[in-house]
Amino acid sequence: MKVKVSRKAHFNAAHRLYRKDWDDDKNTQVFGKCNNPNFHGHNYELIVSVTGEIDPETGFVMDMKVLKDLIEEKVENALDHKNLNIEVPEFKDMNPTAENISIVIYNKLRPHINKDHELEVVLYETPRNFVTYTG
Ligand code: NI
């Protein structure tokens, strides 16, 4: 019997979406306001879910304190109040779209989650726009 447990987290970060190999017109046409050369911020909301069997000893799928600390250490410390393009190595040559950020977050957490458990990352870039990555 599998149960999904979830933890919400939050971080603020700045980004710019553009391609160096495209001219200004094309970048503006595709990325709109997100191509602002002076960057802009988002209040990202994150939901990390872990699905697995309940440990009969504890009654937990995963200790939520452990998950909370993991998100703080691996995700918030790496991304919160950062300029994603400039300060986060993963985005040196990759656009920091919500899609790509969700994959980076997943990859940061996956090695620290029990291999028998499924991991799901849901990332809200705005209250209405969100992406889901499950590996
Ligand atoms: Ni944006």
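Trainee: How do E1 and E2 pair, and over how many bridges?
Mentor: E1 and E2 are antiparallel and pair over 14 bridges. Two strands count as paired if DSSP finds at least two bridges between them. Strands themselves (E, at least two residues) and helices (H or I, at least four) are DSSP runs numbered from the N terminus.

Trainee: Before we continue, what kind of model is this, and which pLDDT limits apply?
Mentor: It is a predicted model, in which local features need pLDDT of at least 70 and side-chain atom pairs count only at pLDDT 80 or more, while totals for chains, interfaces and linings use all residues. Residues are numbered from 1 along each chain as its sequence is written, and side-chain values use heavy atoms, with hydrogens and water left out.

Trainee: Back to E1, then. Which residue of E2 stands opposite Ala13?
Mentor: That residue is His42. Ala13 also has a bridge partner in E3, namely Lys82. E1 and E3 run parallel and are joined by two bridges.

Trainee: What is the order of strands in the sheet?
Mentor: The order is E3-E1-E2-E4-E5, in an open sheet of five strands with mixed pairing. Strand E3 (82-83) and strand E5 (130-133) are the edge strands, each pairing on one side only.

Trainee: And what holds strands of a sheet to one another in general?
Mentor: Strands of a sheet pair through backbone hydrogen bonds, in a parallel or an antiparallel sense.

Trainee: How does E4 pair with E2?
Mentor: E2 and E4 are antiparallel, with seven bridges. Leu46 stands opposite Leu123 of E4.

Trainee: What about E4 and E5; how many residues lie between them in the hairpin?
Mentor: Five residues lie between E4 and E5 in that hairpin. The two strands pair in the antiparallel sense over four bridges. Tyr124 faces Phe130 in E5, and Leu123 has Val131 of E5 as its bridge partner.

Trainee: Is Val131 buried or exposed?
Mentor: Val131 counts as buried because its relative accessible area is 16%. The cut-offs are under 20% for buried, over 50% for exposed and partly exposed in between, with a 1.4 Å probe and protein chains only.

Trainee: What is Val131 in contact with, leaving aside neighbours within four places in sequence?
Mentor: Its contacts on that basis are Ala98, Glu99, Ser102, Val121, Val122 and Leu123, where contact means heavy atoms within 4.5 Å. Ser102 is 29 residues from Val131 in sequence, with 7.3 Å between their C-alpha atoms.

Trainee: How covered is E4?
Mentor: E4 is mostly covered, with five of its seven residues buried.

Trainee: Let us turn to the largest nonpolar core. Which members touch the most others?
Mentor: They are Phe11, Leu46, Leu79, Ile101, Ile105 and Leu123, out of 30 residues in that core. At least two core residues come from each of strand E1 (2-15), strand E2 (40-53), helix H2 (64-79), helix H4 (98-109) and strand E4 (118-124). A nonpolar core here is a set of buried Ala, Val, Leu, Ile, Met, Phe, Trp, Tyr and Cys residues joined through side-chain atoms within 4.5 Å.

Trainee: What does Ile105 contact, apart from neighbours within four places in sequence?
Mentor: Ile105 is in contact with Phe11, Leu46, Val75, Leu79, Val121 and Leu123.

Trainee: For contrast, what about Lys8; buried or exposed?
Mentor: Lys8 counts as exposed because its relative accessibility is 62%. Lys8 lies in strand E1 and, leaving aside neighbours within four places in sequence, is in contact with Leu46 and Ile47. Lys8 and His40 are 32 residues apart along the chain, and 23 Å separates their C-alpha atoms.

Trainee: One last topic: the whole chain. How many helices and strands does it have?
Mentor: The protein chain has four helices and five strands, which run β-α-β-α-β-α-α-β-β from the N terminus on. Buried residues account for 40% of its 135 residues. Among contacts with a separation of 6 or more, 66% join residues 24 or more positions apart. The C-alpha atoms fill a box of roughly 60 × 25 × 25 Å along the principal axes.
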